[in-house]
Structures are given as C-alpha cells and as structure tokens.
Amino acid sequence: MTNPGGAWSALIGQPDGVERLHAAAVASRAVLAGDRGATVAAMTHAWLFTGPPGSGRSTAARAFAAALQCADEYAPGCGQCQDCHTALAGTHPDVTLVATDQLTIGVDQTRGLVLGAAMSPSRRRWQVIVVEDADRMTEGAANVLLKAIEEPAPRTVWILCAPSSQDMLPTILSRCRHLALRTPSPDAIADALSAAEGIDRTQARAAAQAAQGHIGRTRALLHDSAAAAGRAEAPKLPSEVADIGRALRAAQSLVDAAAAEAKAVSETLDAKETEELKVALGYGQGKGAGSARGVAGSAGILKDLETRQKRRATRTQRDALDRALIDIAAFYRDVLTHQFDPDGAAALSLVHQDHAQQTHAIAARSTPATTLRRIEAVLDARRAIAANVAPLLAVESMALTLRAG
Ligand SMILES: [Zn+2]
C-alpha cells in the first residue's frame, strides 16, 4: 500500500504500522455505523504501541487519534480537516494526551483518566485517551487502568505507548492489540526530513546515523547546537580511560555534562511553572496584609509543585546520562565494525563517523572479545543507574572496567 499521506506522513519508516492503523480507522467507521462481523475486526478499544525511544510511538498515537476523529469519510487521517488538526495539535476535545515528565504515573492521575474515558465523546466519534509513557504507571495505577479496559465504554479508545511489551503487566498486555514500531533506518529518516523540511539529505543522513534512528534526536542534532555539542562529548571518554586519573576525570565530566543539561531544562520550566501557579493562587495581588502569602493552603500546593519539579530534574538528568552511555556503547560497536571489517567496506554504517580515526585506532590495539566486554560494561552502567545506583559511582566503575579492557 502507498502511504495514505495526510496525518500519516509524520510516521517515518513504518509502512506496516501505517497500513494496520489506517485499516483500523476505516473499520472504526463501520463500528460507529453499528456493523458487526468481519468488517470491524481491524478495530479494537485498547491498543499498545511499542517501539524504541524515538521510533515515533507518540506520533503514531496522535496520527491514529486524528484518523479516528477525522471528518473525511473515505480517507481517515486526511490531515486537512479541523478534527485532524486539533487531534494532532493536542487540542481536540475528545482526545486526551497524557505525557509525563515524572518518573511514575500514579493511582490518582489514572483514576481521573478512567473517569474521563467513561464520558461520551462531545463530538460524534470517539473518546480517545493516549498514555504516552504507560510503562511509568505504578502497579496500583495499572490495576485501575486494567478495570477500565476490561469493560470499555462503547465509544472509548485507549492508546498506550511503551518502549516494549515487557514493560507492561501481562494482564494489560493480553487485553490490548499490540502494534510494534521499529527503529526507522537512517535513509528513511533522511528521505522524510529532506522532503518535509528541505534539509540537505547527506547532512540529515549523517545526523540520523549519529542519533541511531531516533527521530527527535536527529532533529535536535540538526537544529540545536547545544545537543550537537553534547553529542560530541560522550565518544571522547573511551580515548581518556588509558590512565586512572584521566578515567575518573572523564567519568566526572560525563556526569557533570548530564547534570548541566538537566539544569538548563529545569531552570526554564521550573521558574515558569512556579510563577504561573503563584499567580493562580493569588500571590502578590492586592495590597492588604496576607496578599504576599496567597490563598489559604497554597503553601502546600507550592510544596507539591517543588517535589514534582525535583523528581523531573532527576529524570531529565538520568535521561541525558543514558543518552551519553548509549553514545559510548555505539562507539565500541564502531570499534567492533572495524575489527570485523578490516577493508573498511562498512564505513558508512559507523554511528560516530566523525570519530572513525579513534575507533579505528582502538580496534587495531584490542580484540573483538575485549570490545564485547567493554560494551557489556557500558550496558551494566545503564542498568545500575536505572536501578538507582549513584550515577557517578556507576560511571566511574564503568570507566575503570573500560580501562582494564
Ligand atoms: Zn481529517
């Protein structure tokens, strides 16, 4: 099938996924018309979209939500009508987008969603709830959700997004139709970005390669100089680990760089949120005594915001450090590419093409077995940080293992 275009064109490198979702959107019309039987089989009330970060899970969810609401009877997801526009922009009255910058989604928030999901859509089609980080639901929250998808309201569609199906409770998994997105190829990303945004194709392909198929990261590398500078930092560590002092300093600067990136993000968001909340609570308004303190009970509300902001900062820092570790693992994968390909035929597949000299040099003085051990050390560090080991401790330990070879 050729790409139906419209809202679907934002979904890069997923022809199979687009075909299934388009068929489901077509079938959803038959469901609303009261059909039973084979024509409606492509549609269901609960979906799980999985795929590695940057593969376009939330883009797919928005495109599908748009197609479900689309006014075009024959080409759902036309991308032109008011319903498509608002669904894609996140302002459609019957599409709820849940994106969290917190480490977890709790029971209270999920109960709120379930209540909203039970309401009839305000327009004529579906009530769609997209949970972008369904893997962040606590077990309690997942059980609240489970009850809702076991007995769905007749015109409600849940779209859950997660990195992989293992991230979800088996009970939820068994009640969802699963759509697995794959990491788009650098060529697919380069084609899409050069067609849609007029970016030079060679440049777009190099960025897509460096971003390892992560579409958002590819865009950041092309447009955001801070991201490009950060990307240049991580692959330096492997060349620094030859002596202990430099290895530990390299570990420290990697963790510092992640903290700096997180701080930049937090400062911008925190100040704005705190200011908005203070205005909403009536701080600094009027001239009478007490106006500086806001309405009764507001100190607690501000305290809650502060707690949420702290949690978000932790997550942002963890994400930045994880990206750096993925870049280092890719550096050693490039080393391995050299080791198995002495003629350089695979040069185009190197992730860090701008570090080809360094990876080549390390390949010449080590063995594939050593390289595999080093990749394992980087993955160990990622696992340790995900399990709440102090980042500096995990990265130092990794640097020392990389040094030992
Ligand atoms: Zn439309």
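Q: Where is glutamine 212 in this predicted model?
A: Glutamine 212 sits in the loop between helix H8 (201-210) and helix H9 (215-223). Its phi is positive, about 55°, although glutamine 212 is not a glycine.

Q: Why is glutamine 212 called partly exposed?
A: Its relative accessibility is 25%. Buried means under 20% and exposed means over 50%. The value falls in between, so glutamine 212 counts as partly exposed.

Q: Why is asparagine 388 called exposed?
A: Its relative accessible area is 59%. The cut-off for exposed is over 50%, so asparagine 388 is exposed.

Q: What makes glutamate 132 and arginine 62 a salt bridge?
A: The N to O distance between their side chains is 3.7 Å. The limit is within 4 Å, so the pair counts as a salt bridge. The pair links distant parts of the chain, 70 residues apart. Glutamate 132 is in the loop between E3 and helix H5 (139-150), and arginine 62 is in helix H2.

Q: How do you know whether glutamate 132 and arginine 62 are buried or partly exposed?
A: Glutamate 132 has a relative accessible area of 15%. That is under 20%, so glutamate 132 is buried. Arginine 62 has 26% relative accessibility. That lies between the 20% and 50% limits, so arginine 62 counts as partly exposed.

Q: What makes arginine 205 and aspartate 187 a salt bridge?
A: Their side chains meet at 2.9 Å, N to O. That is within 4 Å, so the pair qualifies. Arginine 205 is in helix H8 and aspartate 187 in helix H7 (residues 186-197), 18 residues apart. Arginine 205 is buried, at 17%. Aspartate 187 is partly exposed, at 33%.

Q: How do you know that glutamate 240 and arginine 246 form a salt bridge?
A: The N to O distance is 3.3 Å. The cut-off is within 4 Å, so this pair counts too. Glutamate 240 is partly exposed at 30%, and arginine 246 is partly exposed at 35%.

Q: Why is cysteine 176 not in a disulfide?
A: The nearest cysteine sulfur, that of cysteine 161, is 11 Å away. A disulfide needs sulfur atoms within 2.5 Å, so cysteine 176 is in none. A search of the whole structure finds zero disulfides.

Q: Why are cysteine 176 and cysteine 84 called buried?
A: Cysteine 176 has 12% relative accessibility, and cysteine 84 has 0%. Both values are under 20%, so both residues count as buried.

Q: Which residues have the most contacts inside the largest nonpolar core?
A: They are Met43, Phe49, Phe64 and Val128, in a core of 33 residues. Helix H2 (57-69) and strand E3 (127-131) are among the elements that give two or more residues. H2 gives the most, with eight residues.

Note on methods:
Residues are numbered from 1 along each chain as its sequence is written. This is a predicted model: local features need pLDDT of at least 70, side-chain atom pairs count only at pLDDT 80 or more; totals for chains, interfaces and linings use all residues. Side-chain values use heavy atoms; hydrogens and water are left out. A nonpolar core is a set of buried Ala, Val, Leu, Ile, Met, Phe, Trp, Tyr and Cys residues joined through side-chain atoms within 4.5 Å. Buried means under 20% relative accessible area, exposed over 50%, partly exposed in between (1.4 Å probe, protein chains only). Helices (H or I, at least four residues) and strands (E, at least two) are DSSP runs, numbered from the N terminus.
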